Amino acid sequence: MFRRVARYLHNRATKPDSLEGQSITLEIISGQNLAVPSERIPASIYVSIKPDQTRCWKSGVRVLSSDKSVAWGDTVTLLSHVSPKLSVEIRASFELGRTLGNGELIGKRKTSWDKLLAHGNEPFDLSFPPVRGVRPSLRLKVAFVHACGNDDSGQFDSIIDCETTRRTDAGHARYAEYVASRSVSHLNDAVEDFQFILERCPVGHPDRAAALTNLAWARLKGYARKDLQDIDSTTSLFRDALALRPQDHPNHPFSVYCLTEALNWRYDRECATADISESAQLYHDLLPLCPEGTHLRSIAVGKDGVDYAIDGCNYLPVDASDADIHLRRIVLELCPPGHQHRSMALNKLGRALSIHFEQSGSIDDIDESIQLLREALSLCPEEHLDRGDYLNDLAVSLRYRFDYQGKSHDLDEAISLYEESLSLHPVGHGSHDIPLDNLGSALHTRFNRCGDINDINKAISFSRETLTLRPPGHQHHDTALNNLAFVLKTRYDKLNASGDLNEAIELCRESLQSQTDAPWRHRYLYGLSSALCARFAKTQKNEDVEEAIGLCQESLAILSPLHPDRHFSYMALKDTYLSRYQVQHNPTDLSLTVENFRLGSRHPTQGFPERIILAYNWTIVAEMYSDASALEAYTISLELLDAHLSTRSSTTSRREAAAAFHNARSLSVNAASGALRRDNIRKAVELVEQGRGQQWSLASRLRTPVEDLELAHPKLAHKFLELSARISNAAQGSAAITDRAAADLAAREYRRLTEQWETAVNEIRNNQGFARFLLPPLYEDLQAAACQGPVIILIASRYSCDAIIVPKSGEPRHVPFSSLVLADLVKLKDDFARAIRHASIMGPEEPRKDLIVLLRKIWEEIMLPVADVLQHDLKLRHRSRIWLCPTAAFTSIPLHAAHPSRTKADRSGREPCLADLYICSYTPTLSALIRSRQTMKTRATPSFVAIGQGRPGAGQGTELATVDSELELVCKLIPATANPTTLSGDAATRAGALEALQQNTWVHLACHGKQDREQPYHSRFSMRDKPLTLLDIMENNAPHAEFAFLSACHTAVGDEETPDEVIHLVAGLQFSGFKSVIGTLWVVDDGVAKHVVEAFYENMFKAPKEGAKEATMDCTKAALALNKATSSVKKKVPLEQRIVFIHIGV
């Protein structure tokens, strides 16, 4: 410092006349600690330098940063003779661009040439008087000293004394004094100044928005300090200013911020929901306009800014309106990951969507709710006070989704979460009643699904305890009454305890009287109706049923047309009319019953499970009273079940969904029986086809041939195939997911894709010639299955047992089995299983008397009536091909082996059996047979592989000694043109077998086969490393495959839970692409099976006549070859080992 001063003095001493005409360039580098005295948020900060009272230089305006600093880098040239003394000011401007007045003074400091030059050419800080505890400062630098002219007018502006500027600046100064002193007189003076300026800026004036803002801000501060009372007009002033500053206006962000401040203060005093909601919306709009690091952003995101609005919104009651959900989405966007309020924002939006789902039935709402609530729970540590509530909220949404979709894991998870929530809300906790009541409801739901009496007893116990915790006067007393009534009524339905019913009625009445405007009043109404209806059924007191009908009608009047709960009102009303019909026999009541069945089962916003159950019950009632609506009921039931299963992404989940409806397994056969009893044979064929093999039908939709569509509409065909592939990939990917949150996301993605797929399908149907694309086929379409021989559908229903013969042309024939009932078939099936087990331990020479008797019964009671129609009505030629399509109990009976086992009446020989008369094949469905024939239009070069595994991996079965010799034998019998290869031993792994199935058109498989009766899709072939499962085979698309011989046990045995789904290994191979397959119905003895195998291939590839070409590879000959083979080995192979083999397909 001393050196710089000495150098300066030396220069003056050596050049005494040099001061005249000299200048300095002063650089304004930056500013620090630039606090605004009035605490207002400035739009910008600038520096003003006044060499005298008439002129002023202003720096560029800069936005204040979050640390209250500004960087300028502006320079000004000062003349020594013109400005030896200077006034330096730092000012805050509340406008960008055009300004009103000079803004608010932050600091003022007088200096001179000498003082500036004393710092030499090094940067230095110029400090100002303290403001709100901090000392503002400017960093300056004197760049150089040099000679110049005598005029600096180009850099300085004249100071014009203007009343508008003077009064505006005075208003800012007086307002700052008010903030510092809390003197109301200063506030009044400031308001008077700003009001004066506003009157000078009429509508249309460019400074009106600034004038409005200055006046409003002063008044807002007075309101905040309770020195002024009028907040409404102040808020209006801010609104007017914002209206004058649209989004592209430079001062728009500041006007938005000002309005949020007014709304926040008004909400703080008046707690108006609209204010805090609007504030959150404004912050949502404001933050993207505020760059990171700016002072405005730091204030806006602070505890008195957006956090205040978030907190206020989070504590608003959830009403689940569209506006409420929109607000909560905004709040969540204001809480990015890591934000302290994110968990609560997630929870509130999740709850709002859950409640909205209750009112709308939108699956998207409940899925999103669960996703949000899972994340909220993950952000809530175990020791957090709200964790119990978050657990409960997630459980509620899972319960709702279970009710809508019927996925058991949702209910299981909900119960687990309720139990955890209850442990965090023990006895004595203020919220103990909430998880207690909800856990009781969940156990009630599980009882309805599983029937464990312990669940309903626990549910009643929990509901009673909840009621004691919600005495009269409690806001949820009415809910507790109704919930207890509901579970008591359910136990009455199960155990018929009249005490439960009477108590339920009293509780329902009390709940209705407790709160007349309850949001769930409609539930109380139909709950009481249901209980009164049950009492009417018992006592037949007419006043009960009349009151019950009125209550249901009242509940419907309350509900909007698309409210999901209308389904339950229809259901309860149906019960009342049916009960009255059962007592009074008035046909009108039956008609009203049917109409409410129809309305309830078709109600679009209720989930499929409830609607399927209602539609099924409709079929029962229609059958019971011979109502004409039975076929409609069956059709709706099948459509609903199909739609429900299509929501499941994987084959296993579809099977689980179907198995959950215990009565669904008989839907298709009962529907067909109903149509037959109404003499509508064509409809019977359509219904049994629609309901049978739904698993395969749903999966095959994604592999539908589209050759015709590609020719007519190539773009649509490409779109359909692309979406089908994406759905298939999504389904395969979802099957391996174990994490529940990830599984939920995968399910949502699958549903999104299927919605797009369905849209594409509907688009295809709008084109001429494709109106029935992928719709359930009509009889005319299905008759194509009989183009090479009639198809016999065998129907086993609780109402009748029948056969339908579908001929190549003309009308289908109905063959009733009048002497058979379903119980007879079940017994016949069980007797067969017993006889087969017994035969397996008999010696090869011992006569199979039990089997012979049973096969004779099949012939006489089932296949002889069918054969008579084939021979005498259809005139079907001897040894023609026929296809058997058994349903229900028929699937476990070897129909192809039906045999009279007796001599002709004229003693001319033995009576022919079915296999003597016709060449029998099976088909799971008519559509499967049609698809197999369609895909044979293009055939690949034949290639044959024999796969064998005699030494399977651990736990997969015992060693099979004859496998290798069987493979060797088979390969010798295959034409050389097929290039037969062998895969066995260590090479016969799961991956190796899959590759062989993919690359070859003909396959022979010799190994252990296992039908998994618990999980049929896990049925498998034993390989060296791990099993080759049915799921593996289904996913192995082999469109060019033709024939497979499965020399393994249990390959054509269906699933007992859902026999009409035909879920077995043979069907899986047919689905994957094989058109013709030979499988087995029970255990195969590999020691004698080789005789059947040898005879089959010898008949399949008989040596050609002299001069003819080599035997052709024609898979359509398999049925005939098997017929001849089993006939030719009668003396070598026991009866049960001959009839174990069946042919499926073309």
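Biologist: In this predicted model, is Y1097 buried or exposed?
Modeller: The model is predicted, so the value is computed from its atoms. Buried requires under 20% relative accessible area. Y1097 has 0% relative accessibility, so Y1097 counts as buried.

Biologist: How are the rings of F597 and W618 arranged?
Modeller: A search of the whole structure finds 20 aromatic pairs. In the F597 and W618 pair, the ring centres are 6.2 Å apart and the planes meet at 5°. Planes under 30 degrees apart count as stacked. The pair is therefore stacked.

Biologist: How many residues apart in sequence are the parts that F597 and W618 tie together?
Modeller: F597 is buried at 1% relative accessibility, and W618 at 0%. F597 lies in helix α23 and W618 in helix α24, so the pair ties together parts separated by 21 residues.

Biologist: What is the geometry of the F944 and Y1097 pair?
Modeller: The centres lie 6.2 Å apart, with 85° between the planes. Planes over 60 degrees apart count as edge-to-face. The F944 and Y1097 pair is edge-to-face.

Biologist: Which elements does the F944 and Y1097 pair link?
Modeller: F944 is buried, at 0% relative accessibility. The pair links distant parts of the chain, 153 residues apart. The elements are strand β15 and helix α42.

Note on methods. Residues are numbered from 1 along each chain as its sequence is written. This is a predicted model: local features need pLDDT of at least 70, side-chain atom pairs count only at pLDDT 80 or more; totals for chains, interfaces and linings use all residues. Side-chain values use heavy atoms; hydrogens and water are left out. Rings of Phe, Tyr and Trp (its six-membered ring) pair if their centres lie within 6.5 Å; planes under 30 degrees apart count as stacked, over 60 as edge-to-face and the rest as tilted. Helices (H or I, at least four residues) and strands (E, at least two) are DSSP runs, numbered from the N terminus. Buried means under 20% relative accessible area, exposed over 50%, partly exposed in between (1.4 Å probe, protein chains only).
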